[in-house]
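Me: I have a model open and want a quick rundown before I set anything up. Can we go through it?
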Amino acid sequence: MKVLKIPDATVNRLSSYSRILEEMLTSNLQVISSEKLAMLCGVNSTQIRKDLAYFGEFGVRGVGYSVPSLLQEIKTILGMNRKWNLGLIGVGNLGSALAANENFRRQGYIFAAAFDIDPAKIGRKLPGGLIIEHLDDLPGISQTSKIDIGVIATPANAAQRVASRLIKAEIKAIINFAPVRILVPKGCHVKNMDFTIELNYLTFHLTRENDPPEPAA
């Protein structure tokens, strides 16, 4: 049976829908129309119906979506209905900030282990209680801590080597905060989070607004 290919853009939008639905539930809103949900998510209602159609039939025509039910369905689709253990590699300023961010835990992403190679950091306790381990101990700790996702927060020149170690430790999902793209074999999923690319997007639009191009002759 052929597995249906879900566009990455659809997966990203599902996350946005989930966040808005969480806010609606907090406000005790039980039903929402596709038009209202679309407006809050910055898309059109047709796009919402198309995204959800990949996974089944949701909502009632003329009524809308049950907020609790749709939220639960989307969380199940995205795997947000369970806890995921994260292994942090690189406990510098960025890594420390990531480990201290309580929003990850609230969303079900738990930092279960932290690694570095700096002797001055090994054995130090992070605010959340994690003890920084040496990267050489990754294979064993990844098994005992049941790490699902590796989080790379190292300098760029170390990121690929760290990714290779994660793959050897049979960790098949990586989020990479180092400012370089890493290569992984088929079967390993990677998300490169390069802040400079996002900043370039913003400065492009600021430049266009401050100095718009001359109209074509």
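Predicted model: local features only at pLDDT ≥ 70, side-chain atom pairs only at ≥ 80, totals over all residues.

Me: what share of the residues is buried?
Reply: Buried residues account for 35% of the 217 in the protein chain.

Me: how many helices and strands?
Reply: The protein chain has nine helices and eight strands. Its C-alpha trace spans about 60 × 55 × 40 Å along the principal axes.

Me: which residues touch the most other members in the largest nonpolar core?
Reply: Phe115, Leu138, Ile152, Leu166 and Ile174 do, in a core of 18 residues. Two or more residues each come from β4 (109-116), α7 (138-144) and α8 (156-168). The biggest share is from α8, with four residues.

Me: what does Ile174 contact, leaving aside neighbours within four places?
Reply: Its partners include Ile149, Ile152, Ala163, Leu166, Ile182, Val184 and Cys188. His189 and Lys191 are also among them.

Me: and what's in the second core?
Reply: That separate core has 17 residues, including Tyr17, Leu37, Cys41 and Leu71.

Me: last one, what fraction of contacts with a separation of 6 or more is between residues 24 or more positions apart?
Reply: Such pairs make up 54% of those contacts in the protein chain.

Technical notes: Residues numbered from 1 in each chain as written. Heavy atoms only, no water. Buried < 20%, exposed > 50% of the residue type's maximum accessible area, 1.4 Å probe, protein only. Contact = heavy atoms within 4.5 Å. Core = buried A, V, L, I, M, F, W, Y, C linked by side-chain atoms within 4.5 Å.
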